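Visitor: I would like to go through this model and ask what stands behind the words used for it.
Guide: Then let us begin with the structure itself.

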Amino acid sequence: MSFNQPTQFAPQFSRREMLTRSGMGIGMLALAELTARENAQASTREKPATRHHPASAKQVVHLFMNGGPSHVDTFDPKPLLKKYHGKPLPNPNLPTERKTAGALGSPFQFKKYGESGIEVSELFDKTAAHVDDMCIIRSMHSDIPNHEPSLLLMNCGDNALPRPSFGSWVNYGLGSLNENLPGFVVLCPNGFPVVGPKNWRSAFLPGAFQGTHLDTKETSVSRLIENINNPQTPKRQRRQLDLLQKINQRHLEQRGHDSLLEARIQSFELAYRMQFEASDVLDLSKEPKHIQEMYGDGLQGRQLLMTRRLLEKGVRFIQVWHSGGQEWDNHSGIEKSLRRLCGQWDQPIAAFLTDLKQRGMLDSTLLLWGGEFGRTPVAELPSMSGRDHNHYGFSMWMAGGGVKGGHVHGATDETGFAASENKVHVHDLHATMLHLLGIDHERLTYRYAGRDFRLTDVHGRVVKEMIS
C-alpha cells in the first residue's frame, strides 16, 4: 500500500523576515492585553459623574415601608368605603391572593393640609405639614401581588431575573461623591427584609456598586460596622495594606482580572478609608441636643438623622428600610398596626424634611416613600380586620430633587382597588427618578451576556407631569 507524500513548499521569506513583518502585529496583541487589563480595572472603579442632561437632584433617599402600606388609610382617601363598610362593593372584587369580603372603611380621618389642600390621613399629621413639597402618586401599579417578586421589581426593575438594584445603577452612572464612604448605603435594622441582599445587589454590574448594609438597631459605631477600629497605628496599617494589595494584585493578574475579585480587593482600601470618616459620620452624639430631640429617640428617628449625616458626607444613594421582615404586611389588626407603624415614622420624616430644607439640601435630594405594593380596599377573610396585597393600585410620594410639590398625580378608582387615571408603573417611576438625576434611562446601559441591559429593561417613560 502506498501513501501520498506531503507536498514540499519552498519558504517565501526567511525566519528573520517573518519576525520583521509580524512585529507590528505582536505589538498590537500586547496593546490589546494591556487595554483589556485597564478596562477590567476601570470596570470596578467609581466612575466620574456623567449626565445626559441637566439634573435637579444629585442624591437619593428611598424610605422603604416593606410589606406594603395601605394607601386607602394613608394618602388616598376613599369615602365610598365607609358607605359600603361590611358590604359588597358596587363592582366585583378584583382577584386577590387570599379570600376577601366586603368593603373595609378606613378607621382614620383625612383632612386637607397646606396651601395645596391635599388630603392626608391623620396617621401622618406631622409629615403632611410638608405636603406642599410633596408629589403624591395615587396611581402606582405593579405586576404581581407577592412580596418577593414585587420587592425585586421595585428595587431592581425585574421581578424574577437577577438584575442590579436601583442604587447600583445610579452609582454606576454617576459615580461616588466621597471616595471614603460607599456610594450606596442600606440602613436596615433587625435582620434582612424578604429576599435579603438581593434588594441591593449589583448583579452583573461590578461589585463596587452594590449596597453596603448597616444594621441600625446598633447604636455604637463599633457595632454598626465590624472591625471599624484597628489596634495598629495608621502608618503601620498602611504598610500592611500596601503589602496585601501587592499580593492581591499578583493573585488577580494570575486569574485574568476577574471583576468580582477586583471588587473584593478594592473593598479593603475602602474599609481602610472608612475607619476615619465613617466613625465620624455615624456618631449621632455629635449632633446638637435640639436636633436629636427634633428627630426623636426612636429607631426611625436615629435612621433618618444618620441619613442626613450620610447625605452631608456625599453618599449618593441611601435606602432606609423599616426593619427586617415585613412589618407593613397587615393582613389583620390593621388599625392598631398602622397607628404603631406610622407613629414610628411621622415625626422623623417631618424632622428630616425640615432639616433638609433648613440646610438647603432638599432641592438636591430626591426623596421617595412607599412599599412594594398597596392593600385591598376590602377586608381579608377570616379576620375581617386587615387587608390583602394589592398591586392593581397604590400610593407613593416623592419630595425635593425637582419634583412638583403640592401635587397629586393620578388616581385609583372610586374604591381604591386599581389605578384608573394617569397610571404610573414601577418602570415609569424609575425612568422619572433617573431623569431627575440627569440620566436618560434608555442610555444608561451595561453590556452583559451579549446584550445591553438597563434598569427599565425595554419599558418605562418619564412622567413629566410630576416634574417641576
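Guide: Two strands pair if DSSP finds at least two bridges between them. This is a predicted model, and in it A103 stands opposite V378 in β10.

Visitor: What makes β2 and β10 a pair?
Guide: Two bridges join β2 to strand β10, residues 374–380. Pairing needs at least two, so the strands count as paired. They run antiparallel.

Visitor: What is the order of the strands in the open sheet?
Guide: The order is β2-β10-β11, with antiparallel pairing. β2 (100–103) and β11 are the edge strands; each has a single partner, so one side of each lacks a neighbour in the sheet. From one strand to the next the twist averages 65°.

Visitor: Why is H389 called buried?
Guide: Buried means under 20% relative accessible area. H389 has 4%, so the word applies. The residue lies in strand β11, residues 387–390.

Visitor: What makes the approach of the H389 side chain to E97 a polar contact?
Guide: The H389 and E97 side chains make this contact at 2.6 Å. The cut-off is a pair of N or O atoms within 3.5 Å, one able to donate a hydrogen and the other to accept it, so the pair qualifies. The H389 side chain also makes a polar contact with the side chain of H331, at 3.1 Å.

Visitor: Which residues is H389 in contact with, leaving aside neighbours within four places in sequence?
Guide: Among them are R98, P145, N146, H147, D329, F373 and R375, besides E97 and H331.

Visitor: How do you know that helix α3 is largely enclosed?
Guide: Nine of the ten residues of α3 (residues 147–156) are buried, so the rest of the structure largely encloses the helix. The buried residues include H147, P149, L152, N155 and C156. Just after α3, G157 takes a positive phi of about 80°.

Visitor: Why does I291 count as buried?
Guide: The limit is under 20% relative accessible area. I291 is at 5%, so it is buried. I291 is found in helix α8, residues 289–295.

Visitor: How far apart are I291 and L305, in sequence and in space?
Guide: They are 14 residues apart in sequence and 8.6 Å apart in space, C-alpha to C-alpha. Contact is judged on heavy atoms within 4.5 Å, whereas the 8.6 Å runs from C-alpha to C-alpha.

Visitor: Which residues touch the most other members of the largest nonpolar core?
Guide: L63, F124 and L282 do, in a core of 54 residues. Helix α10 (residues 334–358) gives the largest share of this core, ten residues. A second, separate core of 45 residues includes V60, W169, W321 and L437.

Visitor: What does L63 touch, not counting residues up to four places away in sequence?
Guide: The list includes L304, V320, W345, I349, L367 and W369.

Visitor: What is the mean pLDDT of the chain?
Guide: The mean is 88, and 84% of the residues reach 70 or more. Over residues 1–11 pLDDT stays under 50, and the model has zero contacts there beyond four places in sequence. Over residues 24–48 pLDDT also stays under 50, but that stretch has 30 such contacts.

Definitions and conventions: Residues numbered from 1 in each chain as written. Heavy atoms only, no water. pLDDT = per-residue confidence, 0-100. Helix = DSSP H or I, 4+ residues; strand = E, 2+ residues; numbered from the N terminus. Buried < 20%, exposed > 50% of the residue type's maximum accessible area, 1.4 Å probe, protein only. Core = buried A, V, L, I, M, F, W, Y, C linked by side-chain atoms within 4.5 Å. Axes fitted to C-alpha atoms, helices over the stretch in contact; angles between N-to-C directions.
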